[in-house]
Structure formats: structure tokens, C-alpha cells
Amino acid sequence: MWKFHRSCGNNISLENNCTTAKRLNPTETDGDGICFTNTPLVNGTVYEIQVDELVIKWITSLGLGVTTNIPSDLTEIEWGVDLKESWILLGTFLFKNGKSIGSYSINMYTVQVGDKLGIMKASDNTLHFHLNGIDHGTAFSNLPEVVYGVVDLGGRCCQVSIVNKESATVAGAQVAIKKSSNFSGRPADWNVQTVCEFIESIPDCAPYVEKFRSEHVNGAALLELDKKDLKEFFKMPLGLAVNVCSHLKKYEEKNK
């Protein structure tokens with residue numbers, strides 16, 4: 001189980017045994033909210049946080065990445081992109097040692113409360129970013145062997161919590177295993193978030209969760225979908241489409 005390092009930005013309050021980071025006075029100041037992992041990253045392990053709270057006053061938001069700096073040696077670092085020897089995703093831009101070197105498929109400025117973001121340093125010394133359980137591919141390459149994770153609570157993002165789950169090694173990387181969920185109530189009454197959790201709980205369906213979220217599929221809408229819809233619109237293989245329909249039918253019958 002990892003935690004946030006006690007060396008952090010002046011505006012940060014660490015709570016829940018250093019597993020929650022909160023930026024103080026978030027409507028008055030948008031910076032000095034940098035946090036670090038308490039240990040160097042382990043290759044193949046996904047270090048995941050959940051966005052707990054946002055404020056709408058600011059344009060910028062959360063920054064995420066790694067640094068070779070030992071957190072306890074740092075002083076007066078207001079922004080993650082100011083770090084020397086750092087690799088940071090801010091907005092859609094990738095920053096190496098404070099200089100923009102390209103763009104990425106995740107936009108950190110549009111994350112919402114409840115979104116889960118992760119970083120993973122692979123054994124080939126590449127850095128990957130995850131959004132809601134989906135690996136968006138290589139962002140940086142040729143990283144040093146020893147790096148610490150960086151979480152920069154800037155702008156709109158003012159509180160995050162660490163997600164520590166049971167884990168298992170798959171294809172050389174540690175990924176979270178979602179525990180079985182008891183989806184209460186009639187499926188017709190599920191909101192979009194519950195639908196997303198339901199889809200994610202079905203084996204091999206996690207990559208499709210964001211599509212359900214972006215299309216605002218609630219329980220009533222989900223019940224209107226059939227195997228053909230799931231195949232054609234959500235691009236699911238037939239086997240997965242059948243599995244989704246089967247699981248949904250089970251919960252519908254259970255809650256009649």
C-alpha cells in the first residue's frame with residue numbers, strides 16, 4: 001500500500017493516514033499543491049488516485065507524472081512543471097524538465113469528480129497514464145530507473161485520494177481487480193455512474209466504460225440496448241455483448 005510523502009506543497013493537508021491530499025483555500029489560490037509518492041515507483045505497478053473534489057473558479061487542473069527528486073530534499077516547489085528532472089502531464093501537454101515536448105490523449109483539465117487516474121512505469125522504462133482503468137499508452141520513454149510519483153493539485157482539482165485495491169500481475173503489470181458489486185435497486189433506476197460500475201464489473205468490459213459514460217447511458221437507456229446495439233455502436237465482440245445482456249437480465253429478474 002502506497003501513501004503520499006509527508007513532504008508536500010505548503011497548501012496541502014494530508015489526511016486519512018496520508019492517503020488523501022487536500023489543497024487548502026482552493027478558491028483563493030490555485031498552486032502550491034504538489035504531492036509525491038512515499039516510495040519510488042515499482043515497475044509494472046499502477047499507482048492510482050481518485051478525484052474527490054473540484055472547484056470551478058480556475059482553468060487549469062491536476063498534473064500527474066514522475067520525478068527523480070527525493071521529496072524530502074525539495075523546498076519551495078509551487079508547481080510540478082517547475083521540477084527539474086521531471087516528466088509531467090498537464091492538460092493535454094507532456095512536459096519534460098519544464099518544457100513542453102508533445103501532447104497526449106488524456107486531458108487533465110476535463111477530469112471529473114469520481115474519475116480515477118493512474119501512472120505506471122513499465123519495465124522498459126516508459127511511463128503510461130491510466131484513466132478509469134484504461135491504459136492510454138506510452139507518454140514518456142527512457143526514464144531513469146528510480147523515480148517518484150508526482151500528483152500536483154493545481155487549479156480546479158483540490159482533493160484526491162489514493163486507490164489501493166487488491167491486485168494481480170497481468171502481462172507483467174499490476175492491475176486492479178474490481179471486487180464483486182451488489183448492484184441494488186431496479187436496473188431501470190440506475191444512474192450513469194452505477195451503469196459504468198456494472199459494465200466495469202463484467203470481465204473484459206472495462207475498456208468500454210468510458211463510452212457508456214460519454215453517451216450518458218443510465219439504467220433505463222441500458223435496458224433499451226440489445227446485442228446488436230452493443231456490437232454496432234459500442235464495438236463490442238459478440239461474446240461480450242451476450243455477456244452484458246445476460247448479466248443485465250440476471251439483475252433485472254432479481255429486482256422485479
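A disulfide is a pair of cysteine sulfur atoms within 2.5 Å. Keep that in mind for this predicted model, where local features need pLDDT of at least 70, side-chain atom pairs count only at pLDDT 80 or more, and totals for chains, interfaces and linings use all residues. Residues are numbered from 1 along each chain as its sequence is written, and side-chain values use heavy atoms, with hydrogens and water left out.

Cysteines, then. The structure has zero disulfides.

Next, the packing. A nonpolar core is a set of buried Ala, Val, Leu, Ile, Met, Phe, Trp, Tyr and Cys residues joined through side-chain atoms within 4.5 Å. The largest one has 34 residues, and Ile49 and Phe129 touch the most other members. Strand 4 gives the largest share, four residues. Strands here are DSSP runs of E, at least two residues, numbered from the N terminus. A separate core holds 20 residues, including Val195, Ile199, Leu230 and Tyr251. In general, nonpolar side chains in soluble globular proteins tend to be buried together.

That's the tour. Which residues touch the most other members of the largest core? Ile49 and Phe129.

Notes. Buried means under 20% relative accessible area, exposed over 50%, partly exposed in between (1.4 Å probe, protein chains only).
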